[in-house]
Amino acid sequence: MGVVGALADFVSAELATRADRERARQMAGYMKTVQPFYGVPAPERRAILRRGRRRHRVTDVSALRAEAVALWERPHREEQYCAVDLAVAERRWIGFDQLDLYRRFIVEGAWWDFVDVVAAKLVGQVLLDEPELMWPILDQWIEDDDLWLRRAALLAQLKHKDRTDPERLFDYSLRRSGDADFFIRKAVGWALREYAKTDPEAVRRFLDEHSDALSPLSVREAGKHLRSLRSRY
């Protein structure tokens with residue numbers, strides 16, 4: 001690939017040339033963070049990363065990790081977005097061996113904009129490819145003190161459609177039914193709503209049986225695509 005860190009340096013330099021102070025202020029306000037932004041919109045940011053990947057090709061998993069960590073440890077949020085996007089884009093190296101990196105993104109990112117992408121596109125892919133290794137980890141995460149690990153466990157099957165394990169989905173939803181945190185309640189509903197697109201009857205039965213245990217927010221979110229439930233919940 002060449003010099004380790006060259007891709008990260010390219011991305012940072014390109015982001016800096018497109019910095020927009022007013023947009024950066026608005027983006028930080030929207031994300032409710034004091035972390036600095038460059039103010040570069042997502043489409044431009046992704047285009048920069050694509051150009052960087054063409055110019056400074058990642059040829060092995062060690063280089064991928066080095067570049068992702070280099071981006072992650074830089075101060076601006078767009079650089080950290082690029083770290084996650086890089087891990088997602090280099091699909092051939094998504095795997096259980098990289099779980100420590102994904103966990104770092106979740107725990108240190110500690111906000112939905114990082115966690116949801118990592119859960120659905122990285123952790124979720126590992127779960128599909130290596131379920132025998134990943135399920136025991138998620139069984140721990142769903143009970144973890146860190147709310148973002150709990151959220152990641154709930155959202156790991158978000159895009160699995162007919163490969164979803166409904167028993168795990170419903171079990172995790174019930175195990176977090178008493179969680180007072182907004183982001184967990186929202187995640188329960190979101191995970192159920194997505195699976196309702198694949199098996200609406202299963203989700204309907206689950207809500208019929210357990211709506212009293214779930215938070216109203218979770219039930220509302222889960223029932224958005226179940227028309228017959230809207231008047232009831």
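## Val188 and its contacts

Beyond its neighbours within four places in sequence, Val188 is in contact (heavy atoms within 4.5 Å) with Leu154, Ser173, Arg176, Leu214 and Ser218. Val188 sits in helix 11, residues 182-196. Helices here are DSSP runs of H or I, at least four residues, numbered from the N terminus. Val188 is buried, with a relative accessible area of 1%. Buried means under 20% relative accessible area, with a 1.4 Å probe and protein chains only. Its C-alpha is separated by 27 Å from that of Ala42, 146 residues apart along the chain.

## Basis of the model

This is a predicted model: local features need pLDDT of at least 70, side-chain atom pairs count only at pLDDT 80 or more, and totals for chains, interfaces and linings use all residues. Residues are numbered from 1 along each chain as its sequence is written, and side-chain values use heavy atoms, with hydrogens and water left out.

## Nonpolar core

The largest nonpolar core has 76 residues; Phe105, Val123, Leu138, Trp141 and Leu192 have the most contacts inside it. Helix 7 gives the most to this core, with nine residues. Such a core is a set of buried Ala, Val, Leu, Ile, Met, Phe, Trp, Tyr and Cys residues joined through side-chain atoms within 4.5 Å.

Leaving aside neighbours within four places in sequence, Trp141 is in contact with Leu99, Arg103, Ile106, Val123, Leu149, Arg150, Ala152 and Ala153.

Helix 1 (residues 6-17) has 12 residues and reaches 17 Å from first C-alpha to last, close to the 16 Å expected at 1.5 Å a residue. The expected span is 1.5 Å times one less than the number of residues. Its buried residues are Ala6, Leu7, Ala8, Phe10, Val11, Ser12, Glu14 and Leu15. Their cover includes helix 3, helix 4 (61-72) and helix 5.

Helix 3 has 14 residues and reaches 20 Å, close to the 20 Å expected. Arg45, Ala47, Ile48, Leu49 and Gly52 are buried in helix 3. Helix 1 and helix 5 are among what covers them.

## Largest pocket

About 660 Å³ of space lies in the largest pocket. Of its 26 lining residues, Arg45, Arg46, Asp85, Asp113 and Val117 are the closest to its centre. On a 1 Å grid over the protein atoms alone, a pocket is an open set of points where a 1.4 Å probe fits, with protein on both sides within 12 Å along at least five of seven lines; lining residues have an atom within 4 Å of a point.

Helix 7 gives the most to this lining, with seven residues.

Conventions: Points joined across faces, edges and corners; volume = space filled by probe spheres on them. Helix = DSSP H or I, 4+ residues; strand = E, 2+ residues; numbered from the N terminus. Buried < 20%, exposed > 50% of the residue type's maximum accessible area, 1.4 Å probe, protein only.
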